[in-house]
Amino acid sequence: MKKLFSLLLCVVMVLSLVACGSKTDDTQTPDEPQDTAPELSGTMKVVATGDVYGPLFDAFTADTGVEVECLSMSSGEVLSKLRAEGGTPSADLWFGGGIDAFMSAKDDGLLEPVTFDAAAELGDEYKDTEGYWYSKGITIVGFLLNNSLMEELGLTAPESWDDLTDSQYEGEIVMSNPAVSGTNYAVVNALLQAKGDQGWDYFEALNNNIAYYGKRGSDPKNKVSSGEFAVGIDASIEQAAEENDLTIVYPSDGMPWVPEGVAVFKNAENVDAAKYFVEWLFSSDDHLRQLAEIEQKNGIKVIKPSIEGIELSYDPTLLMTEDLSLFGSQRTEILDRFEPLMGDKAAAE
């Protein structure tokens, strides 16, 4: 009897292992990661550019059991913190921010590579060739105008980057410090690329009209919305414009843009959970659509053209021609020159 019981127990165990194995290709749906989730546990700590991503991380927790703790921080701040931590990061996942900081972090050996099958569906220019970072969308930059203040001051709406140097805007333009805002660093780098030898002359002229360089990427939107300034150089978010009586201007001479990065920190405490999150996100169009809805952005359509249910709200031909490799390699040189230009207009930390 004992031998018979043992035999039956072995059969049950074998059947259980088969049932818990990976799905075959016949049952795998396109919106599921290609591999079965690894055994994950604990908490995944995330540094993100905002605090709006709760629903996305809740879905990850529901699928994996991994709890998520999120801290809001700009890309420049993350990079500085990473370097100060000396290879022992206090977080696991880096979610959002300008790609220049991610490129610099890779060069400094601070990121962990992640590879997965679905990465093949992403545009080559929106992912690191070795898997050290991926783009979850792109941020495009234009002008945010406070309609009431523009009318009150009798200002005409700028149509191009050159228009912003007109003296009528003196003291009425706000942008974020490019050292802390990946979005505004993208503006500086892209315009320097576009204007060539005249690039720094342009920023000298623009600086005459800028009243304030914020220490957060959201400062231009917030300060233009509140009526502190008439014009903000910032990411173009239609919903924010509608809710705050702002007008978005897409510059006729081109829109700077920057990929928004996702990466895993090297030597992270829960590196397995963070690496699986990257696969989990990009292997599912449902997850990417949820992210696009949260952010009120449609740039994932540029990153992954095959995704359905998302359409661009702007003319992609207005995107500036940019060499993204220069974003990381020129960062220190550009910021060192830009800092004295800002002078006491830069917000104190």
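1. Start with Asp286, which sits in helix H11. Helices here are DSSP runs of H or I with at least four residues, strands are E runs of at least two, and both are numbered from the N terminus. Asp286 is partly exposed, at a relative accessible area of 44%. For that scale, buried means under 20% relative accessible area, exposed means over 50%, and partly exposed is in between, with a 1.4 Å probe and protein chains only. Asp286 and Gly309 are 23 residues apart in sequence, and their C-alpha atoms are 9.9 Å apart in space.

2. A word on provenance before going further. This is a predicted model, where local features need pLDDT of at least 70 and side-chain atom pairs count only at pLDDT 80 or more, while totals for chains, interfaces and linings use all residues. Residues are numbered from 1 along each chain as its sequence is written, and side-chain values use heavy atoms, with hydrogens and water left out.

3. Now the overall picture. The protein has 14 helices and 10 strands, and 50% of its 349 residues count as buried. Take the contacts between residues at least 6 apart in sequence: 75% of them join residues at least 24 apart. Contact means heavy atoms within 4.5 Å.

4. Helix H6 deserves a look of its own. Its 14 residues (182-195) should span 20 Å at 1.5 Å a residue, and the end C-alpha atoms are 20 Å apart, so the two agree. The expected span is 1.5 Å times one less than the number of residues. H6 is mostly covered, with 11 of its 14 residues buried. Those buried residues are Gly182, Thr183, Asn184, Tyr185, Ala186, Val187, Val188, Asn189, Ala190, Leu191 and Leu192. Just past the helix, Gly196 has a positive phi of about 60 degrees.

5. Within H6, have a closer look at Asn184. Asn184 counts as buried because its relative accessibility is 0%. Leaving out residues up to four places away in sequence, Asn184 touches Met175, Ser176, Pro178 and Ile233.

6. On to how H6 packs. Two packed helices are described by the angle between their axes and the distance between the axes. H6 and helix H14 (residues 331-342) pack at about 100 degrees, with their axes 11 Å apart. That makes H6 roughly perpendicular to H14. On the H6 side the contact is made by Tyr185, Val188, Asn189 and Leu192, and on the H14 side by Arg331, Ile334, Leu335 and Phe338. By class, this contact has 6 nonpolar, 1 polar and 1 charged residues.

For the terms: axes are lines fitted to C-alpha atoms, for helices over the stretch in contact, and angles run from 0 to 180 degrees between N-to-C directions. Angles under 35 degrees count as roughly parallel, over 145 as roughly antiparallel, 65 to 115 as roughly perpendicular, and the rest as oblique. Ala, Val, Leu, Ile, Met, Phe, Trp, Tyr, Cys and Pro count as nonpolar, Asp, Glu, Lys and Arg as charged, and the others, Gly among them, as polar.

7. Helix H10 (residues 271-282) is another one to check. Its 12 residues reach 17 Å from first C-alpha to last, close to the 16 Å expected at 1.5 Å a residue. H10 is mostly covered too, with 9 of its 12 residues buried, including Tyr276, Phe277, Glu279 and Trp280. The cover over the buried residues of H10 includes strand S1 (43-48), helix H2 (54-64), strand S3 (93-98), strand S5 (134-146), strand S10 (257-265) and helix H11 (285-295).

8. Gly98 is found in strand S3. Gly98 is buried, with a relative accessible area of 5%. Not counting residues up to four places away in sequence, Gly98 touches Ser75, Gly182, Val258 and Pro259. Gly98 and Ser74 are 24 residues apart along the chain, and 8.8 Å separates their C-alpha atoms.

9. Most residues other than glycine have a negative phi. Asp245 is not a glycine, yet has a positive phi of about 55 degrees; Asp245 is in the loop between helix H9 (238-243) and strand S9 (246-249). Gln296 also has a positive phi, near 55 degrees, and is in the loop between H11 and helix H12 (300-303). Asp245 counts as partly exposed at 42% relative accessibility, and Gln296 counts as partly exposed at 36%.
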